[in-house]
Amino acid sequence: MSTTETSQFVRLRVELVVEVEDVEAVTGAALGRIAADADMPADERVHAESAVTEDTAEALAYLIDPFDLVGEVPGVELAQASWSSEGIDYDPDSPEWGLGEDDSREDEEEEGLG
């Protein structure tokens with residue numbers, strides 16, 4: 001079989017840093033998404049509502065769906081996804097925040113592979 005006839009799995013890593021300019025809008029949208037989820041059990045709904053109300057990063061995580069990133073890409077089916085969000089101290093002028101830098105190279109050097 002050629003590679004065009006077999007399925008290929010690709011790990012796609014995307015890291016985004018976003019600036020939340022309107023916390024209430026993000027929280028409100030997340031609460032709206034939770035309320036619209038008819039399949040969510042009541043105890044999970046209470047937990048989710050509490051989490052998004054207390055933490056903007058959690059609210060944002062409820063609004064981001066990895067399927068949306070690849071759902072319209074022809075020939076691609078999402079096999080597995082996981083994502084997380086966290087508040088960070090971001091300084092775009094800091095040398096530690098260089099765009100396009102490959103973190104895996106640093107990991108290899110730390111492990112003695114580079």
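## Surface and overall make-up

The protein has five helices and zero strands. Along the sequence the pattern reads α-α-α-α-α. Of its 114 residues, 13% count as buried. Take the contacts between residues at least 6 apart in sequence: 44% of them join residues at least 24 apart.

## Confidence

The average pLDDT is 83, and 81% of the residues score at least 70. Among the elements, helix α1 (residues 23–36) has the highest mean pLDDT, at 97. Helix α5 (residues 103–110) has the lowest, at 48.

Over residues 104–114, pLDDT stays under 50. For this stretch the model has five contacts beyond four places in sequence. Where pLDDT is low, the predicted coordinates should not be read in detail.

## Helix α1

Helix α1 has 14 residues. From its first C-alpha to its last it reaches 20 Å, close to the 20 Å expected at 1.5 Å a residue.

Which residues of α1 are buried? They are Val26, Thr27, Ala30 and Ile34. Seen down the helix axis, these buried residues fall within an arc of 95°, so they line one face of α1. An α-helix has 3.6 residues a turn, so residues three or four places apart point the same way. The buried residues of α1 pack against α2 (42–54) and α3 (56–63). On the other side of α1, Glu24, Ala35 and Ala36 are exposed.

## Glu49 in helix α2

Glu49 lies in helix α2. Why does Glu49 count as partly exposed? Its relative accessibility is 29%, and the partly exposed class runs between the buried cut-off, under 20%, and the exposed cut-off, over 50%.

Which residues does Glu49 touch, leaving aside those up to four places away in sequence? Glu49 touches Leu31 and Ile34. Ile34 is one of the buried residues of α1. Thr27 is also buried in α1. Glu49 and Thr27 are 22 residues apart in sequence, and their C-alpha atoms are 9.2 Å apart in space.

Definitions and conventions
Residues are numbered from 1 along each chain as its sequence is written. This is a predicted model: local features need pLDDT of at least 70, side-chain atom pairs count only at pLDDT 80 or more; totals for chains, interfaces and linings use all residues. Side-chain values use heavy atoms; hydrogens and water are left out. pLDDT is the predictor's confidence in each residue, from 0 to 100. Helices (H or I, at least four residues) and strands (E, at least two) are DSSP runs, numbered from the N terminus. Contact means heavy atoms within 4.5 Å. The expected span of a helix is 1.5 Å times one less than its number of residues. Buried means under 20% relative accessible area, exposed over 50%, partly exposed in between (1.4 Å probe, protein chains only). The arc is that of the directions from the helix axis to the C-beta atoms.
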